[in-house]
Amino acid sequence: MTRRGLSELKVGGLTLRGVAKGGVETSLMVPELKLLFDVGQVHPGAQSYDRILVSHGHADHLGGLHYLISQRHLQDRRPPEVYVPVEIEAPLHTIFGAWREIEGFDLTVDLRPVRPGDDFEVGKGLRARALRTTHRVPSLAYCVDRITHKLKTEFQGRSREEIVAAKEAGRELTSPARSPQICVSGDTQIEFLKGHPELLDVRVLVHEVTSWDERRSVEQTRHWGHTHVEEMIPVSEGFTGEALVLVHRSMRHSVEEARAVVAARFPASVRDRVHVFA
Ligand SMILES: [Zn+2]
Ligand SMILES: [Zn+2]
């Protein structure tokens, strides 16, 4: 825990700062990418984020949006870009119309509707891909890649003069390469990860585990569109990235209980790379 009740985890060259509690609130800031994932509430520092990636419309992930936009308006700052599943764009415009009436000023909201498969810029040299997850309402995971430009293989090992000559001849020397930095899957059943095994190679994979023992069965957990730890354990074995961060823990379970489950039950090959977000 950091001051002001926010948790913080530094993994894979990134900082995850915020809250991710199942049914209570999810808001995760990643300062290195200048991205805010979900906005259940507005925490100190969140108002400086110009891009928000919203996974779905449940209040614990979206309830802070109006407050954040209203605060930015009061500060005379431009509204943040808010990426949302396309299905909730129209209802959100309706809600913001009502807030305009209530607050008595012309609140500007910059909603960017997103469809599964969309691929868009989220900063200099950063692109996000949206993937459909398996939840009770339309929901999206966001995977963020850093774009680097690599010298094409045909120019590797060539002399400086040859490369300068090729450039002067107008040839393209580099090709873009994408390196996955983080994928945040929002609320989802385990089928999302099973259907996207490539995500097990992402540097930092943030995935929910809502239920951590038999107080909620696998079936009950699935009924609410979530993941049970019993489903995550076998899938985690294939994880090759730097950090598998488990979020959205139900408040039935303490962080200590969840960490004890990781230590006792997760495969030894991945255990040290599995983090329970406090
Ligand atoms: Zn949730
Ligand atoms: Zn949800």
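**Reading a helix and its neighbouring strands**

Modeller: The buried residues of helix α7 are covered by elements that include α6 (218-223), α8 (255-265) and the strands β13 and β15. The model is predicted: local features need pLDDT of at least 70 and side-chain atom pairs pLDDT 80 or more, while totals for chains, interfaces and linings use all residues. Residues are numbered from 1 along each chain as its sequence is written, and chains are lettered from A and ligands numbered from 1 in the order written.

Colleague: Which residues of α7 are buried?

Modeller: In α7, which spans residues 229-236, the buried residues are V229, E231, M232 and S236. Buried stands for 20 or more other C-beta atoms within 10 Å of a residue's own, exposed for 12 or fewer, and partly exposed for anything in between, with C-beta atoms placed from the backbone.

Colleague: Where do they lie, seen down the axis of α7?

Modeller: An α-helix has 3.6 residues a turn, so residues three or four places apart point the same way. The buried residues of α7 fall within an arc of 150 degrees, so they line one face of the helix. The arc is that of the directions from helix axis to C-beta atoms.

Colleague: How many helices and strands does the chain have?

Modeller: There are eight helices and 15 strands. Both are DSSP runs numbered from the N terminus, helices being H or I of at least four residues and strands E of at least two. In the chain, 37% of the 278 residues are buried, and its C-alpha atoms fill a box of roughly 65 × 55 × 35 Å along the principal axes.

Colleague: In what order do the strands of the open sheet run?

Modeller: Seven strands form the open sheet, in the order β8-β9-β10-β11-β12-β13-β15, and the pairing is mixed. The edge strands are β8 (119-121) and β15, each pairing on one side only. Two strands pair if DSSP finds at least two bridges between them.

Colleague: Which strands show the parallel sense, and which the antiparallel?

Modeller: For the antiparallel sense, look at β10 (residues 140-151) and β11 (residues 174-184), which pair over 10 bridges. C143 has C183 in β11 as its bridge partner. For the parallel sense, β12 (residues 204-208) is joined to β13 by five bridges, with V206 standing opposite V245 in β13. β13 and β15 are also parallel, over three bridges, and L246 is partnered by V276 in β15.

Colleague: Why is β13 described as largely enclosed?

Modeller: In a regular strand the side chains alternate between the two faces of the sheet. Strand β13 (residues 243-247) has five of its five residues buried, so it is largely enclosed by the rest of the structure. On one side A243, V245 and V247 are buried, and on the other L244 and L246, so that both faces are covered.

Colleague: What does C183 touch beyond its neighbours within four places in sequence?

Modeller: C183 is in contact with A141, C143, L199, V202, L205 and V206.

Conventions: Two residues are in contact if their C-beta atoms, placed from the backbone, lie within 7 Å.
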